[in-house]
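Below are my notes on the model, as numbered points. Please read them with the structure open beside you.

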Amino acid sequence: MNPKPAVLVNVDDNEPARYARSRMLRKSGFEVHEAGSAAKTFELLASVSPDLVLLDVNLPDMNGIDVCRTIKSDQGASVLVLQISASAISAPQATASLNNGADCYLVEPVDADVLVATVRALLRLRQAERDLAQTNTALVEANRKLTELNNALKRSNDDLEHFAYVASHDLQEPLRTVTTHVQLLDRAMGARLNESERELFGFVVDASRRMSALIEDVLTYSRAGRSTPVFGIVSLDDALVWALKNLAQSIHNTGGEVISDGLPKVWGDGVQLAQVFQNLIGNSLKYRSATAAPRIVVMAKRTADDELQVTVSDNGIGIAPEFHERVFGPFKRLHGGEIPGTGIGLALCRRIVESHGGRIWVESNVGEGSTFRFTLKSQGVDGSA
Ligand code: ADP
C-alpha cells in the first residue's frame, strides 16, 4: 500500500501562477488544495489539515507575513509554512517572514525541481522531529513506569523489613518466657532426670538459645536498614579497638592475633563501622584453620579512584570462589552445624558498607585464608593510610 501523500495548500492570488504550481506539485505526488486569499487559506487549514502551506507574501485581504504568524500561533509546529514572494524582496522582509515562524523562504522565480526538493526536505525534517518527539514521549513513559516500579519495590521492601522487625521483636518476649522456664525446670528437676531425658532437655535449651541468637541477629539486621546512619568524622582505629574489646575472649581462647599499623579517619557511623570489624574479625576467629592460630591483618589504603579500601585478611579455612557472592546473602552459611552462627553477619556488613556508599567483597580460596575488602568514600577527611 502506498503511503498517504502529503497534503499541501498552495496560496497565491495570481491564478495562472497558482494553477501551474499546483499542477507541478500534483505531478510530484502531493495532494494539493488551492487558496487565492487569506480567508480561504484559514478555511482550508480547518478542513483539510495540511502538512505544509506554500504561502505567497502578497494577498488581497491580508499580508502573507501576518497570515504566517496567525497560522503558527494557532497551529504551532504541526503545519509547515514555506513562504514565497513573487516580487524582489529585501533582506528585512525575508527576515521578518522567518521571524514570524516561516520554516523557509523562497523568492520567485523558483525552479520547479528546487521547490519540490525544498518541500520534501521540509517534510522530512518535520517527520524526524515527530519521530524524535515520539521517542521522547516513549522514553518519558518508560521512565515513569520504572520510577513507579521502583517505588512499589521500595514500599514492599520497607513493608517486609517492618514485618521482620515487628515479628522478631514480638517473638523475643514468648521466647524469653520459654528460656526462663526451661532453666527453672532444669534447676527443679535436673537431678531427677535420667541420661536420655537430660539429653532431650539439652536439645530444648540449645534450640531456644539458637532461636534467641537468630532473633537478635534479625533485629540487628533490620535495625541497620531502618535507622539512618549517624555520620561524622570517625577514627577507624577507634572502631577497631571497640570491636577487639568485644572479641577479647574469643581472641584469647583461640590464641589469635590481630595486626594493624594504624587506620585513618573516615566519614561514617562509628558504631556501624565497629560492627563491620567485629563481624569480619569474629568470622576470622570462627572459621580458623585447624592447624594454625588465627592471624588477622587489618589495613587501609587509598585507591586510584580516591576511595579508601579497608582489608581484613586471615589465614583461616577460606571460601571457594563459587560462594564469594552467596556468603553476603542473609542466612547464607557454608559451615552449618559445627560452627555457631546465624548467617546474618556478612549481610549486615554489606548493608552497612552500602549505606556508607561503598562496596564489600571477598577474595579467597579453600585452605588459603580469606581477604575481605570494603571501600568507603573519602569525603575530604584527612586520613592517610
Ligand atoms: P555466620 O558466621 O553467622 O554463619 P556470616 O554472614 O558472618 O554468618 O558468614 C556467612 C558464611 O560465610 C559463614 O557461615 C561461613 O561459611 C562463611 N565465612 C564468613 N567469613 C569467613 C571467613 N573469614 N573464612 C571462611 N569462611 C567464612
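1. The largest pocket is lined by 46 residues, and those nearest its centre are Asn283, Lys286, Pro340, Gly341 and Thr342. Two or more lining residues come from each of H6, helix H8 (248–254), helix H9 (270–286), helix H10 (345–355) and strand S12 (370–377). H6 gives the largest share, 10 residues. Helices (H or I, at least four residues) and strands (E, at least two) are DSSP runs, numbered from the N terminus.

2. This is a predicted model, in which local features need pLDDT of at least 70 and side-chain atom pairs count only at pLDDT 80 or more, while totals for chains, interfaces and linings use all residues. Residues are numbered from 1 along each chain as its sequence is written, and side-chain values use heavy atoms, with hydrogens and water left out.

3. The volume of the largest pocket is about 1200 Å³. A pocket is an open set of points on a 1 Å grid over the protein atoms alone, with protein on both sides within 12 Å along at least five of seven lines; a cavity is a set of points where a 1.4 Å probe fits but cannot get out; lining residues have an atom within 4 Å of a point. Grid points are joined across faces, edges and corners, and a volume is the space filled by probe spheres set on the points.

4. The lining of the largest pocket holds 17 nonpolar, 19 polar and 10 charged residues. Here Ala, Val, Leu, Ile, Met, Phe, Trp, Tyr, Cys and Pro count as nonpolar, Asp, Glu, Lys and Arg as charged, and the others, Gly among them, as polar.

5. The second largest pocket has a volume of about 210 Å³. Its lining includes Pro3, Lys4, Phe30, Asp51 and Arg120. Helix H5 (residues 112–189) supplies the largest share of this lining, three residues. By class, the lining of the second largest pocket has six nonpolar, two polar and four charged residues.

6. How many cavities of 30 Å³ or more does a search of the whole structure find? The search finds one. The largest cavity has a volume of about 50 Å³, and Thr179, Val182, Gln183, Val205, Ser208 and Arg209 line it. H5 and H6 each give at least two residues to this lining.

7. Most residues other than glycine have a negative phi, and most peptide bonds are trans. Ser49, in the loop between helix H2 (38–48) and strand S3 (52–56), has a positive phi of about 40°. Asp306, in the loop between strand S9 (295–302) and strand S10 (307–313), also has a positive phi, about 60°. Ser49 is exposed because its relative accessible area is 51%, and Asp306 is partly exposed because its value is 48%. Buried means under 20% relative accessible area, exposed over 50%, and partly exposed in between (1.4 Å probe, protein chains only).

8. Glu108 and Pro109 are joined by a cis peptide bond, with omega about 0°. Pro109 sits in the loop between strand S5 (104–107) and H5. Its relative accessibility is 79%, so Pro109 counts as exposed. Pro109 and Asp51 are 58 residues apart in sequence, and their C-alpha atoms are 23 Å apart in space.
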